[in-house]
Structure formats: structure tokens, C-alpha cells
Amino acid sequence: MPSGCSSRQRQRPRKLVICLSGLSGTGKSTIGRELAKRYGLRYVSGGEALKQKARELGYDVSERGWWEREGGRDFLAERLRNPRFDREVDAWLLEQAREGDVVIDSWTIAWLLEREIGFRICLYGSEEVRAARVARRDGMSLEEALKAIRAKEERSREIYRRLYGFDLFDLSAYDLVVDTDNLAPEEVVAAICAVIESMRARGEFS
């Protein structure tokens, strides 16, 4: 999938707000933490915030690969029944973004945040490659991983469609799409930083 960035022009530099998204196995948390480190930004994870909501309900979220296992699937069903968990987390993420100087790892922020705030990045990966990464990461078979990410993503897609009316698989909200299938994490970071530095040179970010 090709990469590209917006040609939006700004009258004055914006605080750097990186909105990072991508389906399971694309390396969001790894890339997000490294970008935060590179630019001296805070790192905020929507997935971790949702896990905290699950923890408050009594879920044990400490298991490796929790989102792809029974507990994560049960919490997804809970979220589908009750939208308050997602609404509360997303409201908090928007507050963090408006403060600036932050990397936000979230499936929703690119769609919900005002267009004049934030540089929106999507990490793309084919289903086969992503499943293989999840299998290695979480200690499951490739078949189990593939089944798990399909179920997770289809249910998440339905949650966001009902709540906000966008399609999780739609890439139109993003300024930059990076295909991670054949790139190491450091190469993904380098590609993103090259675009950010170019935009800084044009005066788009402070």
C-alpha cells in the first residue's frame, strides 16, 4: 500500500500531536513509544485505557495477548452492549490530544479529533503477516492468531460503526499510511520521522 501525506498548509506551527493507528500486529505500541522518545512527547495508549476499564470490571488483563484471548473477547462483547467504556476513553484521549506534545495510539483518534490538530498515521499490514507477528508475540498458533484477530477486528469495527459511523478499515482519515509488512520497526520509525522533519522544515510543526 502506498504512503502519502497531506499537503495542508497552516498559518502558524502546531504543537506536535501524533495520532497513530493500525490493526493488530502492525507494531503500534512499539512505534508509538519510540516516536515519543525521539521527540520528547508523552505516549498515551487507547488500548491500555480500555484495559483499565476492563480491570475495573474485574477482568484479569495481565495474560499475554489478552485482547486476542477469552477475556478480551468477553470485554469486546461488553463494549458492544454498553458504549460508555469507549465514549469515556475517547473523551479522555481527545483531552490529551488538545493539550499537545503527545503520541496517541488509538483506533479512533484520527476520526474524532479536529482536523487542525494532529498528524494522523496508519500502520498497515497484510492479515497474514500480522497474524504471524501476533502468534509469535502471544505464544499461539498461526491459525489461532488469525482467527483471534479477525474476530477482534470485526467486533471492533461494529463498535465504532455503531458509535461514530466510521469504518475501521477505511484509511481516508490518515495523512500518512506506512506498509509495515517488509519493514523492521526502526525502518518504520525512520520513514515516519522523515515525513515529520519535512513538515517541520515547512513550518507546520513547532
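Q: What share of the 206 residues in the chain is buried?
A: In this predicted model, buried residues make up 50% of the 206 residues in the chain.

Q: How does the radius of gyration of the chain relate to that of a compact globule?
A: For 206 residues, a compact globule would have a radius of gyration near 17 Å, and the chain has 17 Å, so the two agree. Along its principal axes, the C-alpha trace spans about 50 × 35 × 30 Å.

Q: And what share of the contacts comes from residues 24 or more positions apart?
A: Among contacts in the chain with a separation of 6 or more, residues 24 or more positions apart account for 72%.

Q: How many helices and strands are there?
A: The chain has eight helices and five strands. Read along the sequence, they follow the pattern β-α-β-α-α-α-β-α-β-α-α-β-α.

Q: Let us turn to the strands. Is S1 mostly covered or mostly open?
A: Strand S1 is mostly covered, with six of its six residues buried. Val17, Cys19 and Ser21 point one way from S1, Ile18, Leu20 and Gly22 point the other way, and all are buried.

Q: Which strands does S1 pair with?
A: S1, residues 17-22, runs parallel to S3 and is joined to it by four bridges. S1 also pairs with S4 in the parallel sense, over five bridges.

Q: What about S3, are its faces covered or open?
A: Both faces of S3, residues 102-105, are covered. Val102 and Ile104 lie on one side, Val103 and Asp105 lie on the other, and all of these are buried.

Q: How many bridges link S2 and S3?
A: Strand S2, residues 42-45, pairs with S3 in the parallel sense over four bridges. Within this pairing, Ser45 stands opposite Asp105 in S3.

Q: Where is Asp101?
A: Asp101 lies in the loop between helix H4 (84-99) and S3. Its phi is near 55°, a positive value in a residue other than glycine.

Q: Why does Asp101 count as partly exposed?
A: Asp101 has a relative accessibility of 35%, and therefore it counts as partly exposed; that class lies between the cut-offs of 20% and 50%.

Q: New topic: what is the volume of the largest pocket?
A: The largest pocket has a volume of about 910 Å³. Its lining comes from 46 residues, and Lys28, Ser29, Asp105, Arg137 and Lys152 are those nearest its centre.

Q: Which elements give two or more residues to that lining?
A: For the largest pocket they are helix H1 (28-39), S2, helix H2 (46-56), helix H3 (70-81), H4, helix H6 (127-138), helix H7 (142-164) and helix H8 (185-201).

Q: How does the lining of the largest pocket divide by class?
A: That lining has 16 nonpolar, 15 polar and 15 charged residues.

Q: And how much space lies in the second largest pocket?
A: The second largest pocket holds about 200 Å³ of space. It is lined by 15 residues, of which Leu23, Tyr124, Leu168, Phe169 and Leu171 lie nearest its centre. S1, strand S4 (119-124) and H6 each give two or more residues to this lining.

Q: Is Gly47 buried or partly exposed?
A: Gly47 counts as partly exposed because its relative accessibility is 25%.

Q: And Lys53, buried or exposed?
A: Lys53, which also lies in helix H2, has a relative accessibility of 18% and so counts as buried; the cut-off for buried is under 20%. Setting aside neighbours within four places in sequence, Lys53 is in contact with Phe75, Phe85, Glu88 and Val89.

Notes:
Residues are numbered from 1 along each chain as its sequence is written. This is a predicted model: local features need pLDDT of at least 70, side-chain atom pairs count only at pLDDT 80 or more; totals for chains, interfaces and linings use all residues. Side-chain values use heavy atoms; hydrogens and water are left out. Buried means under 20% relative accessible area, exposed over 50%, partly exposed in between (1.4 Å probe, protein chains only). Two strands pair if DSSP finds at least two bridges between them. On a 1 Å grid over the protein atoms alone, a cavity is a set of points where a 1.4 Å probe fits but cannot get out, and a pocket is an open set with protein on both sides within 12 Å along at least five of seven lines; lining residues have an atom within 4 Å of a point. Grid points are joined across faces, edges and corners, and a volume is the space filled by probe spheres set on the points. Ala, Val, Leu, Ile, Met, Phe, Trp, Tyr, Cys and Pro count as nonpolar, Asp, Glu, Lys and Arg as charged, and the others, Gly among them, as polar. The radius of gyration is taken over C-alpha atoms; the globule rule is 2.2 Å times the number of residues to the power 0.38. Contact means heavy atoms within 4.5 Å.
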